[in-house]
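Dear colleague,

I am handing over the structure we spoke about, and below it you will find an account of what came out of going through it. Please read the text with the model open beside you.

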Amino acid sequence: MVIALTRALSPRIVECELTYLDRTPIDFARAAEQHDAYERLLEAHGCMIRRVDDADDSPDGVFVEDAAVVLDGLAVITRPGATSRRGETESMARALAPHRPLQHIVAPATLDGGDVLVAGDTLFVGRSRRTNDEGIVQLRDAVAAYGYKVVAVDFSGCLHLKSAVTRIGEGMLLFNPGYVEPFAGFEMVAVDPEEPDAANALLLGGALIFPAEHPRTRELLAHRFTVSASEMSELLKAEAGVTCCSVIVEV
């Protein structure tokens, strides 16, 4: 069984943290509709939706990926780099505790789940404004006994590593070469140059969930993969992506 942990939008999403985007109005009703449709799409791809406790006072709470890193043998509860987001982790820990032993990132470390790309037994972790070197060290220590290795990655131009590169298949990564260098040993598929923010895709089984707002890259992917489009226009205004709105747990 595959569980997708999600969280309802906070009515304060209009106050979300922004790093690389200018603030533009978010239509809350439309954003909620898009999030509901995203959940239905996850269900269509075999996931059982389980919502984490609401976090109405956390503007970015819907972006649950940043609160945890889930692996086969454990789950790591993060310490988000944005102070406003640190209250989101307790409810995520409660949701994951029945399914995985937990490890916790602690001060002075910071780590956002969106900076962690899992590819087999390797965790590529981006150094960012949200994830510091101590966070990478603590993650390395937490997962070493479970057979995982951690590789630190430098990138630029976007909020999280998984805004620059995501896994789209066995040994295959989708990336923006303007944001991050190619990873050795992988087949690297570049986004359309007209869509620099199109590198975030969610792999479920053998299919991809991908933002409808990046049609050029979606068409490129559709030649090789089954691709389901998810409308994300309002959530993209909050520097979101299709990976950040769920935590996938195989049980």
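The side chains of Glu 231 and Arg 30 meet in a salt bridge, with 2.4 Å from N to O, where a salt bridge is a side-chain nitrogen of Lys or Arg within 4 Å of a carboxyl oxygen of Asp or Glu. This pair links distant parts of the chain, since Glu 231 sits in the loop between β14 and α6 (233–236) and Arg 30 in helix α1, 201 residues apart. Helices (H or I, at least four residues) and strands (E, at least two) are DSSP runs here, numbered from the N terminus. Glu 231 counts as partly exposed because its relative accessibility is 43%; the cut-offs are under 20% relative accessible area for buried, over 50% for exposed, and in between for partly exposed, with a 1.4 Å probe and protein chains only.

Please keep in mind that this is a predicted model, in which local features need pLDDT of at least 70 and side-chain atom pairs count only at pLDDT 80 or more, while totals for chains, interfaces and linings use all residues. Residues are numbered from 1 along each chain as its sequence is written, and side-chain values use heavy atoms, with hydrogens and water left out.

Arg 30 also forms a salt bridge with Glu 33, the closest N and O atoms being 3.2 Å apart. Because they are 3 residues apart in helix α1, Arg 30 and Glu 33 are separated by about one helical turn. Arg 30 is partly exposed, with a relative accessible area of 31%, and Glu 33 is likewise partly exposed, at 45% relative accessibility. Another salt bridge involves Glu 39 and Arg 51, whose closest N and O atoms are 2.9 Å apart. That pair, too, links distant parts of the chain, with Glu 39 in helix α1 and Arg 51 in strand β2 (residues 47–51), 12 residues apart. Glu 39 counts as buried, at 8% relative accessibility, whereas Arg 51 is partly exposed, at 42%. Through salt bridges that share partners, Arg 30, Glu 33 and Glu 231 are joined into one network. In total, the structure holds 15 salt bridges.

Strand β13 (residues 207–211) runs parallel to β14 and is joined to it by 5 bridges, and in β14 the bridge partner of Pro 211 is Ser 230.

Strand β9 (residues 165–169) is joined to β10 by 4 bridges, and the two run antiparallel. They form a hairpin with 2 residues between them, and Gly 171 in the turn has a positive phi of about 70 degrees. Within this pairing, the bridge partner of Val 165 in β10 is Phe 175. Strand β10 is also joined by 4 bridges to strand β11 (residues 187–190), this time running parallel, and Leu 173 stands opposite Met 188 in β11. In a regular strand the side chains alternate between the two faces of the sheet. In β10 (residues 172–175), Met 172 and Leu 174 point one way and Leu 173 and Phe 175 the other way, and all are buried.

Finally, two buried loop residues may be worth a look. His 160 lies in the loop between β8 (149–154) and α4 (161–164) and is buried at 7% relative accessibility. Leaving aside neighbours within four places in sequence, His 160 is in contact with Asp 66, Asp 112, Gly 114, Asp 115, Arg 130 and Phe 155. Val 52, found in the loop between β2 and β3 (68–70), is buried at 4% relative accessibility.

Methods:
Two strands pair if DSSP finds at least two bridges between them. Contact means heavy atoms within 4.5 Å.
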